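Hi,

Here is the model I promised to pass on.

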Amino acid sequence: MFRKNMVWLLVVMLVLALASVAYGWSLEEAAKQYAGVTIRFITETTPPSYWVEEALPEFEKVTGIKVIVERQAHPHLEEKALMDFASKTGIYDVFNMDYSWTGKYVKAGYIEPFEQYMNNPKLVDPNNGLKDFYPLMWQGTMWDGKAYGYPFDSVIQYLFWNKTIFDKYGVAGPPKTPDEWMSSMEKLNHPPDLYGTGMMAKRHLSVVCEWLCVLWAFKGQLYDDKYSVMLNDENGIKATEFYKKMTKFAPPGVTTWTWDDVSTALQQGTIAQSVQWDENYGSMENPEESKIVGQMRYAPVPSFGDPVSHYGGSSLCVPTSSKNKEAAFLFIQWATSQDIQKRGVGKGSSPTRVSVYEVQEFRDKFPSFSATDTAAATTGWRPRIPEWDDMVEILALEINSVVAGAKDVKAALDDSAPKIDALLKKGGYK
Amino acid sequence: MENNRKKVVIAIIIIGIILFVNILPFLWLILTSLKTRLDIFAIPPKFIFHSTWKNFISAFTKRNFLPMFYNSLIISACTTFLSLAVGTLGAYSLARFKLFGDKHISFWILSTRMFPPIVLVIPFFIMATRWGLHDSRLLLVIVYTTFNLPFVVWIMRSFFEDIPYDLEKAAMVDGYSRWDAFWKVVLPLSAPGLVTTAILCFIFSWNEFLFANVLTAAMAKTVPVGIRGLVTSRAVEWGEIAAVASLQVIPVLIFTFAVQKYIIRGLTLGAVKG
Amino acid sequence: MSGRHLSLFQRFGFWISSSENKFKWSLLLPTLILLALITVYPTIYAFNLALSDYNLARSADSLQGYIGLQNFREILKDPSFWSSLKTTIFFTVVVVSIEFFLGLAIALILQGTVTGSKIVRTIILLPMIMAPIVVGLIWTYLYQSEFGLVTFILRKIHIMSYESAPLARVGTALPSLMFVDIWQWTPFLIMVLLAGLEALPTAPYEAARIDKASPFLVFRKITLPLLKPVILIVLVLRIMDAIRVFDIVYALTEGGPGEATDVLSMFIYRSAFYLWGIGKASAISFILLYIIMIVSVILVNLLSRTKETV
């Protein structure tokens, strides 16, 4: 056994050596002058982050670069990162940036343009294959036609639906239109053991993300191309009424839930379906956490128009305040490489490369993988302008108030519209 | 007599209820720390289950809590020492001498204790980042002194006032200098007060969250911040939260047990001699 | 004694003892200087921030810097500010009065009956010595809408239906939050008032017994006036803590649902660290500071007046 492993190891090493000879580039060689450097990676507590941290010793061994990983939940990630960037302290060298923050960070000058590293032959792995990233996810790292990082985490909102539960109650899944969706919630709602749907309706970014899916499903929009606010039009009101009605078939606590509570409930099988980010597919299949291994299926969010899947991914960037930018780039290149992404799939990591999604073995094992193809083509985006944070604050409060029963739908939307309009005006878009 | 016995029975019942209500969440915390993930999310909540140490182990292996405990310890110890070293002297001066404007000085010191931390945290954050102190233990030592120092002054003043002035006068007649009278006579006598004050300062710093949350990132991260960090985007790690929280509270419990006689006095800034 | 053989510390002892003035001010000055550096300076700094439109999420060239009192004007026009001020006041008044009356009633019953062992006292002190953020997280877990123990019990005894959860509805979130504070601090009130009661002189009670005064009259005419300083002190401490409550709100609700639990500290935190409007957040924090100062001046005046009369 040991001998066999040794032989394999030798073969792998030989192949690696040959590859590096053939292209004249190796990570070890490229990292030589950065050996001994310590870089800090601030990231969200997401599956790819956990996986990269697990695989980290390989990188550290080859390069001699030490990487300290710091994980934070979504809003707190920004608390830490932005403080560092604003003060130019240079604590962090690699930053996992949500695409909706791009405008804000780039405009404030906190993120390094990436081309200078992407085109530096000393640093770039010629085998890296940038074309392999989903075009959609590339778009997420771009601002004004320039790239600001490599796509790291594919985060798309699907409808997670539990096939076993749907079958048990004789409901055909997945629902295709909002009407079918609502009727499936009603049929599957058997409280307190099973609820028709989960929701992430806390006063938090999560409620805004989920509500946006519903808004798009009703062909609504936050604002149109000319930045006229549309959210309180007829579609907006219908969508929000629909969203409010969902609470009738959801567990009582959903107004305090974010995505992590949705995950837990899905894993426990206490909700039949929910809108959720695809990066959680791995935890659905992890027997240590999940009671529903093998039961979950994935579909675009039911819609009256084009299918809706809300894209929310992130990429790895280098802050301008970093003092180890080249070493940081090497780390980013490694962490988003095909090899790392492929090996991460079994660990529940969510890749961003087409080639990884195409592996048939993964598609058989993880139903969410084949869903990504269609989703990547039909995805909705949330705004990426710097004013988005303030919009989230306004919408999170108003939509949460609606579902918590504190405010009427029309009043909430009519109150948000002028505030969002004012933000757009202040930002100089109209 | 009959009446009195009834009163005792009622009193015992009330104490029983208080104890039950106080300890229930704490016991639940300890039970949770010993549960597997699936048991934690069980409905209805489980009281009997197979216990596991997994949460404690993963808190230290996966979540790296050891350096955070070290940070908390160092920061709390240093700020306690600094506040005591400076504050005790000030307290003695205020307790023994008439000073110009001493009433205003005392009130001012008290008012800094009442300062809402949220008011201070913003300027501290901006200053710290500009001066490169962000995420350092030194910064938290300084910041925690803002609430520990006024506390030391107020409570030590009350302890000093308990010691009769005649003792020092007698010592000075015996040839002690003012400083020696303070250092060799008064200070040893106020040892219980000093110990109580030190322990309370330590507890306040050990438990502090808001400043530490804003002013640290990774290197100087303390335990409370780490515990809050277990509320992740993927799931809330209740098992590990419970494990670390029960460990975090142990030193506090031991200290409280040791100095409980003076805790009320400490928490009322020396005003109520419990 | 020749000076050469003295250690530095002994020399310091001699130098400082040479006059009373030198002695008392040298002892006090380090405290004053240190406090001024770490509280007065940051406060001035914060006031400067409050007069600017400093925002961490905007590039420096899109900001004007000094904008005078504009932040304050904007805040006073913001309905969310008024709502959070109202919530803070409501929270403070309700929480402190329940804690006080409950604490006083229990202290009066317990007075002179039983003396607790060390372990009993430690358990009674337990909630108030635990880290507030940990208290908040424990209760988040207990209140959790599906598997929370408290939610489960409330449903079993039919106080709460399966359609509701403690933190999920606008109507129940704030009371649930208040309950945590009351859980945490009522034992403190009991202990302090009990200590105050046991320290009262016995002579007036003897006289009342001879006069056969009713228990209520004894309480109103003797106990209450004698206990007044202690009462005022605990009220000052509790009111101050309740106005600036943060940790448990941050752990339990972050201000939601809607604006139901949005206290001022949370409002400031969000303005500063979710929206990055450091200038505006500083301005709100000054308003909070003024409120606390006014309340504390009133209470401390009350306190010193009673001290003189007692």
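**Chain B**

Chain B carries 25 positive and 13 negative side chains, with the centres of the two sets 8 Å apart. For the counting, Lys and Arg are positive and Asp and Glu negative, while His and the chain ends are not counted; each charge is placed at NZ of Lys, CZ of Arg, CG of Asp or CD of Glu.

Before going on, the housekeeping. This is a predicted model, so local features need pLDDT of at least 70 and side-chain atom pairs count only at pLDDT 80 or more, whereas totals for chains, interfaces and linings use all residues. Residues are numbered from 1 along each chain as its sequence is written, chains are lettered from A and ligands numbered from 1 in the order in which they are written, and side-chain values use heavy atoms, leaving out hydrogens and water.

Back to chain B: its secondary structure is 13 helices and zero strands (DSSP runs numbered from the N terminus, H or I of at least four residues for helices, E of at least two for strands). The C-alpha trace spans about 75 × 70 × 30 Å along its principal axes. Of its 274 residues, 62% count as buried, where buried means under 20% relative accessible area, exposed over 50% and partly exposed in between, using a 1.4 Å probe and protein chains only. Chain B exposes about 10,900 Å², with carbon and sulfur atoms supplying 70% of that (Shrake-Rupley, 1.4 Å probe; for residues, only the protein chains shown count as cover). Among its contacts (heavy atoms within 4.5 Å) between residues at least 6 apart in sequence, 74% join residues at least 24 apart.

**Chain C**

Chain C also comes to 13 helices and zero strands. Its radius of gyration is 25 Å, while a compact globule of 310 residues would be near 19 Å; the radius is taken over C-alpha atoms, and the globule rule is 2.2 Å times the number of residues to the power 0.38. The C-alpha trace of chain C spans about 80 × 75 × 40 Å along the principal axes.

Buried residues make up 57% of the 310 in chain C. For contacts in chain C with a separation of 6 or more, 65% are between residues 24 or more positions apart. Chain C has 24 positive and 18 negative charges, and their mean positions are 9 Å apart.

Asn48(C) counts as exposed because its relative accessibility is 52%. From Asn48(C) to Ser19(C) is 29 residues in sequence and 41 Å in space, C-alpha to C-alpha.

**Where the chains meet**

How much area is buried between chain C and chain B? About 8,800 Å², of which carbon and sulfur atoms give 81%; buried area is the accessible area (1.4 Å probe) that two parts lose on being put together, summed over both. In chain C, Ile129(C), Tyr141(C) and Phe147(C) lose the most area to chain B, together 8% of what that side buries. The contact pairs 97 residues of chain C with 97 residues of chain B.

Chain A and chain B bury about 2,400 Å² between them, 51% of it on carbon and sulfur atoms. On the chain A side, Lys80(A), Met83(A) and Asp260(A) lose the most area to chain B, together 21% of what that side buries. This contact takes 31 residues from chain A and 25 residues from chain B.

Cheers
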